Amino acid sequence: MFNYQNQDKIFPACPICGGTQFRQLASNDRYDMGIKTTGCLRCGLVQTRPRLTSQSMSHFYRECYRQYYQAVNAPHVDYIICYHKDERLAYTAKLIASNVDLVAGMRVLDVGCAEGTLFSNLKTHCGEGLIFFGVEPSESYAAYSREMTGCTTYQNIDELISAREDSFHLIVVNHVLEHVNDPVLFLEQLRGLLSSNGLLFVDVPNVFGYSSPRDLHIAHNFHFSRQTLTAAIDKAGFSVKTIAEHAPPHHPVSVWCLAEKRTTKLHILQQSMETELVAWKRMQWINKLIPLYLLKVRLRRNRIVSLILENRCRVFLTGLKRKKH
Ligand SMILES: [Zn+2]
């Protein structure tokens, strides 16, 4: 188990606007860790505050993330089917292929490639011609993706930069941006890895579609909307080419975006909190549901434990009866 309360935490400024004033919108989360969700009073970006230090976050991703999130430490075929990853990533690959001209020889980087299911699905659109690279902190997932797709993997972005891997034609950030400690800094790093005419594909959960305490948890530091995602991408030195809301299968309602490098670094903040107020109200409403949700989870867990105990007692008593005879 991961002890959230004992971890080192920081109180950073808003990554989009540099604001330091926030309104608390929720005081707990789906795992009952006491995570606080706030809205920036300047640009409206919804974010966890305080946040874990990067060391604590790395420890969480290395040791605990997969167990909390999908209860699986090492991937296998059943896991891919059970978690609908094949269906989900087939959808994402089709979305990318319909909006990006995929040609043989292109260098494609998937940041957070997990078990490499996106690569397998991109192959169905472009054959064996694409050259795949993945960033994946979990070694068992990275090993699986290398074995299944022949990709090259790195544990993190810094390792990728040290290996002088750059000039990617397409960088995919699929349900990853909401996890990082500073999304603008993260996108700026990726900008440096993109070829001059390269494209960035980003997909994130849409905060305007949140409906349950399950939407708030330790792994998601940021909760974007169409507007705040545009502002983050713009600040990192990209121009948004296409942005749209969508409903990927077996995933939350999301916002996807395709962006290209902007030639000038000039950035003028045009985002204000007013556009996010409906999402804030939704978050405050979810916060009221959290105690009821956690009670339901506890009751269900107790019911499962009592069923297991009941079953063990029955097996034990049957064994005793057999011995007597
Ligand atoms: Zn802000």
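I count a contact when heavy atoms lie within 4.5 Å. Helices (H or I, at least four residues) and strands (E, at least two) are DSSP runs, numbered from the N terminus. This is a predicted model, in which local features need pLDDT of at least 70 and side-chain atom pairs count only at pLDDT 80 or more, while totals for chains, interfaces and linings use all residues. Residues are numbered from 1 along each chain as its sequence is written, and side-chain values use heavy atoms, with hydrogens and water left out.

**Entry 1: helix H9**

I started with helix H9, residues 226-235. Which of its residues are buried? I found Thr228, Leu229, Ala231, Ala232 and Ile233, where buried means under 20% relative accessible area, exposed means over 50%, and partly exposed is in between (1.4 Å probe, protein chains only). These buried residues pack against H8, S10, strand S11 (222-223), S12 and S13. After H9 comes glycine 237, with a positive phi near 95°.

**Entry 2: the seven-stranded sheet**

Next I traced the open sheet of seven strands, in the order S8-S7-S6-S9-S10-S13-S12 with mixed pairing. Two strands pair if DSSP finds at least two bridges between them. Strands of a sheet pair through backbone hydrogen bonds, either parallel or antiparallel. Which strands stand at the edges? They are S8 (152-154) and S12 (238-246); each has a single partner strand, so one side of each is left without a neighbour in the sheet. From one strand to the next, the twist averages 15°.

I then looked at S10 (residues 194-205) and S13 (residues 254-261), which pair in the antiparallel sense over seven bridges. Valine 202 has cysteine 257 in S13 as its bridge partner. Cysteine 257 is buried, at a relative accessible area of 0%.

For helix directions, axes are lines fitted to C-alpha atoms, for helices over the stretch in contact, and angles run from 0 to 180 degrees between N-to-C directions. Now the packing entries, with the pair of strands above in mind: S10 and S13 are joined antiparallel by seven bridges. H8 packs on the sheet and touches strand S6 (107-111), S9, S10, S12 and S13, and its direction makes about 150° with that of S10. H9 also packs on the sheet, touching S10, S12 and S13, at about 160° to the direction of S12.

**Entry 3: the zinc site**

Which residues coordinate the zinc ion? I noted Cys14 (SG), Cys17 (SG), Cys40 (SG) and Cys43 (SG), at 2.3 Å. Donors are N, O and S atoms within 2.8 Å of the metal (3.2 Å for Na, K and Ca); water is not among the atoms, so sites may look incomplete.

The angles subtended by the four donor atoms run from 94 to 117°, which makes the arrangement tetrahedral. That label requires all angles of four donors to lie between 85 and 135 degrees. The ideal angle for four tetrahedral donors is 109.5 degrees.

Along the chain, the donors follow the spacing C-x2-C-x22-C-x2-C. Distant parts are linked by cysteine 17, in the loop between strand S1 (9-10) and strand S2 (22-26), and cysteine 40, in strand S3 (residues 37-40), 23 residues apart. Cysteine 17 is buried at 10% relative accessible area, and cysteine 40 is buried at 0%. I also counted disulfides (cysteine sulfur pairs within 2.5 Å); the count comes to zero.

Three bridges join S3 to S4, and threonine 37 stands opposite threonine 48 in S4.

**Entry 4: methionine 273**

Methionine 273 lies in the loop between S13 and helix H10 (277-324), and it is buried at 13%. How far apart are methionine 273 and cysteine 43? They are 230 residues apart in sequence and 4.5 Å apart in space, C-alpha to C-alpha. Cysteine 43 is buried at 0%. Not counting residues up to four places away in sequence, methionine 273 touches Cys40, Leu41, Arg42, Cys43, Gly44 and Trp280.

The peptide bond from arginine 49 to proline 50 is cis, with omega near 5°; proline 50 is in the loop between strand S4 (46-48) and strand S5 (51-52). Arginine 164 is not a glycine, yet has a positive phi of about 60°, and it is exposed at 74%. Histidine 175 has a positive phi near 55° but is buried at 12%.

Note on methods:
Four donors count as tetrahedral if all angles lie between 85 and 135 degrees; four count as square planar and six as octahedral if opposite donors are over 155 degrees apart and all others between 65 and 115; anything else is irregular.
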